[in-house]
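Subject: Structure handover

Hello,

Below is the structure I said I would pass on. My notes on what was found in it follow.

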Amino acid sequence: MQNKDIAGILVEIADLLEIKGEDTFRVNSYRNAARTISSLQEDIADIAGSSGELVKLPGIGKSMAEKIREIVRKGRLSQLDELRRELPPSLLEILKLEQMGPKRTRTLYKQLNIRSVEDLEKAVENGKVQKLEGFGEKFATQILREIEEYHRKGGYKRFKISEAADLIRPLVDYLSKEVKDIEVAGSYRRGKETVGDIDILGISRDAGKAMEFFVNYPETSRVISRGKAKTSVMLHAGIQVDFRVFEKDSYGAALLFFTGSQAHNVALRRICQEKGFKLNEYGIYRGEERVAGTSETEMYKKMGLPFIAPEMREDTGELDAAKEGKLPELIELKDIKGDLQSHTRASDGKNSLKEMAEAARGKGYEYFAVTDHSKKVSVAGGLDEKRLARQMEEIESLNEKLEGFRVLKSVEVDILRDGTLDLDHGILREMDLVVCAIHFDRKLSKKEQTLRVLRAMENPFCNILAHPTGRLIGKRREYEIDLKEIMKEAAAGNWFLEINSDPERLDLNDVYIRQAKEAGVKMVISTDAHSVVGLDNIKYGLMQARRGWLEKDDVVNTRSWKEFRELIKR
DNA sequence: GCCGTTTTCGGCCCGACTGTTTTCAGTCG
């Protein structure tokens with residue numbers, strides 16, 4: 001049972017209790033506990049063993065600790081089983097529909113025995129829902145549209161951060177024509193790997209005009225709500241955009257508020273309360289008087305805190321760190337001195353070696369590793385020893401021409417099922433750097449998979465373990481592997497874990513990154529670019545690194561090649 | 001259900017928008 005499974009059980013309880021009509025504070029305590037667990041560095045199952053440890057975690061008291069122990073022990077929770085008998089779990093699907101909260105879900109269940117999205121759809125079509133008190137025609141039309149969208153998208157989907165970026169770019173260009181100081185806030189600004197919606201802020205004295213301009217954006221498919229301060233629309237792409245305008249004096253407060261996370265905001269409001277202030281999206285107030293609001297820095301300062309980077313605002317310890325003056329100095333893009341995974345036309349890349357190298361040099365890097373696939377990955381045109389030897393010659397002659405820049409002779413060698421490598425040691429020995437990765441036999445047991453990787457990484461030529469969990473966001477689960485063990489060995493064995501910047505991968509993810517840092521592991525941030533354009537993805541890997549609290553020193557490719565080489569085992 | 005330098009009870013973050021409920025509940029972030 002992983003942390004996220006246990007958190008999932010608690011969230012389900014919270015949802016069902018809420019539909020039941022339980023006290024919201026009690027309901028929230030389940031959500032708080034779930035949040036604590038899913039952002040925890042250690043395995044909750046390990047902590048659950050020793051009594052007293054669990055209740056030290058924020059939001060987990062005696063009763064919650066007992067429930068967690070039951071889940072760890074039995075793999076299930078009798079309280080949830082009971083709730084599921086009481087209420088059909090398919091109600092949770094209804095709850096996911098926009099406009100459908102716990103109250104309406106409960107009413108429809110009690111009054112019309114609506115148990116599923118399909119039931120709801122029928123009842124609305126038959127005009128039954130509209131007859132109930134509190135549900136009108138407008139509601140009926142809206143909910144039918146929601147259900148249609150729900151069917152079309154197959155439930156509610158989140159967008160990969162790169163997909164969101166592609167939608168945001170033209171929208172911000174458009175809005176900038178009318179509104180000043182456009183900023184994208186929300187989970188996008190915090191650099192989350194996926195985003196559910198897009199929050200945009202701007203400064204304008206004429207909010208009405210700004211809103212009018214916003215709803216006329218050509219990509220708008222429908223207006224969800226429209227007010228003086230806030231307007232929400234759905235884009236044709238199927239993502240919701242919330243747009244708000246503020247006055248200059250409130251802009252910092254608004255940015256802070258709408259960047260979130262929700263949990264971070266709640267924690268900030270508590271801090272303000274303790275100091276006798278009130279915090280909202282317009283500023284910090286002492287009574288009626290606004291005492292801060294213009295900038296985020298000013299807001300934090302008023303709370304007695306240093307500026308906290310958006311990527312850290314998840315209420316996972318950043319506020320304590322800030323209070324104690326122990327915030328990390330997060331790694332920045334300019335710290336990266338080279339990219340360490342890339343593919344060329346020789347395997348499955350789109351550009352030539354020369355084109356890739358020149359593009360990397362154009363980014364201001366000092367070095368750049370070309371890591372085409374090895375022969376086993378034949379679908380990607382993997383290279384055998386002979387072709388690699390030829391590529392290495394090509395690199396050498398290219399390096400003679402590129403002054404102040406070095407193309408590293410490298411490869412993404414496949415780790416075979418038994419933990420041996422897909423290439424002769426003779427050729428690996430000739431390389432500057434060897435990147436190792438799993439591409440096949442993903443379904444081994446956890447123990448076998450872990451041993452396989454460790455065996456490979458014990459090889460004297462292996463330096464980097466690429467995309468260590470093999471997940472593809474929203475598509476493919478992680479393979480079973482004991483990452484804790486991998487981290488332990490990586491920390492001791494001076495090899496590195498990759499943070500793969502491909503927005504489909506982002507592997508390691510933010511939670512694992514922070515865990516790895518705690519374990520003393522050094523990491524690299526690579527793009528895994530398959531084209532010149534792909535080199536830009538470094539920003540996504542960087543954001544995950546920042547979400548994992550990494551500093552320059554934690555990341556090996558912030559060093560010059562000379563320093564880097566010293567760290568590599570041989 | 002959690003929490004505590006106002007500690008074992010009584011709090012628990014705050015505001016915008018919508019619809020139809022004419023004074024506010026529900027939902028969302």
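**Overall form**

Chain A has a radius of gyration of 26 Å, which agrees with the value near 25 Å that a compact globule of 570 residues would have. That radius is taken over C-alpha atoms, and the globule rule is 2.2 Å times the number of residues to the power 0.38. This is a predicted model, in which local features need pLDDT of at least 70 and side-chain atom pairs count only at pLDDT 80 or more, while totals for chains, interfaces and linings use all residues. Residues are numbered from 1 along each chain as its sequence is written, and chains are lettered from A and ligands numbered from 1 in the order in which they are written.

Along the principal axes, the C-alpha atoms of chain A fill a box of roughly 80 × 60 × 50 Å. The chain holds 24 helices and 18 strands; these are DSSP runs numbered from the N terminus, with helices (H or I) of at least four residues and strands (E) of at least two. Of its 570 residues, 41% count as buried. Buried means that 20 or more other C-beta atoms lie within 10 Å of the residue's own, exposed means 12 or fewer, and partly exposed is in between, with C-beta atoms placed from the backbone.

Two residues are in contact if their C-beta atoms, placed from the backbone, lie within 7 Å. Among contacts in chain A between residues at least 6 apart in sequence, 65% join residues at least 24 apart.

**Domains**

The domain assignment divides chain A into domain 1 (1-87), domain 2 (89-156), domain 3 (159-246), domain 4 (250-323) and domain 5 (333-567). Such bounds come from an automatic or database domain assignment.

Between the C-alpha centres of domain 3 and domain 4 there are 23 Å. Contacts link 13 residues of domain 3 with 11 residues of domain 4. On the domain 3 side, the elements giving two or more residues are β2 (180-184), α11 (186-189), β4 and β7 (240-246). By class, that side has 4 nonpolar, 3 polar and 6 charged residues. Here Ala, Val, Leu, Ile, Met, Phe, Trp, Tyr, Cys and Pro count as nonpolar, Asp, Glu, Lys and Arg as charged, and the others, Gly among them, as polar.

**Around DNA strand B**

There are 39 residues around DNA strand B, of which G61, M64, G101, G136 and G227 come nearest. A residue is near a strand if its C-beta atom, placed from the backbone, lies within 6 Å of it. Elements that each supply at least two residues of this surface include α2 (24-38), α4 (62-74), α7 (102-112), α9 (137-153), β4 (197-203) and β5 (220-226). Helix α14 gives the most, with 5 residues. The surface near DNA strand B has 9 nonpolar, 13 polar and 17 charged residues.

Two strands pair if DSSP finds at least two bridges between them. β8 (residues 278-280) pairs with β9 (residues 283-286) in the antiparallel sense over 3 bridges, and N280 has G283 in β9 as its bridge partner. These two strands form a hairpin with 2 residues between them.

β9 also pairs with β10 (residues 289-292), in the antiparallel sense over 3 bridges. R286 stands opposite E289 in β10. β9 and β10 form a hairpin with 2 residues between them, and G287 in the turn has a positive phi of about 65°.

**Strands β16 and β17**

β16 (residues 464-465) and β17 pair in the parallel sense over 2 bridges, with L465 bridged to L497 in β17. In β17 (residues 496-500), 5 of the 5 residues are buried.

**Two buried residues**

I200 lies in strand β4 and counts as buried because it has 23 C-beta neighbours inside 10 Å. Leaving aside neighbours within four places in sequence, I200 is in contact with L175, I182, V184, V241 and F243.

K522 lies in the loop between α22 (510-518) and β18 (523-526). With 20 C-beta neighbours inside 10 Å, K522 also counts as buried. Not counting residues up to four places away in sequence, K522 touches F496, D554 and V556.

Regards
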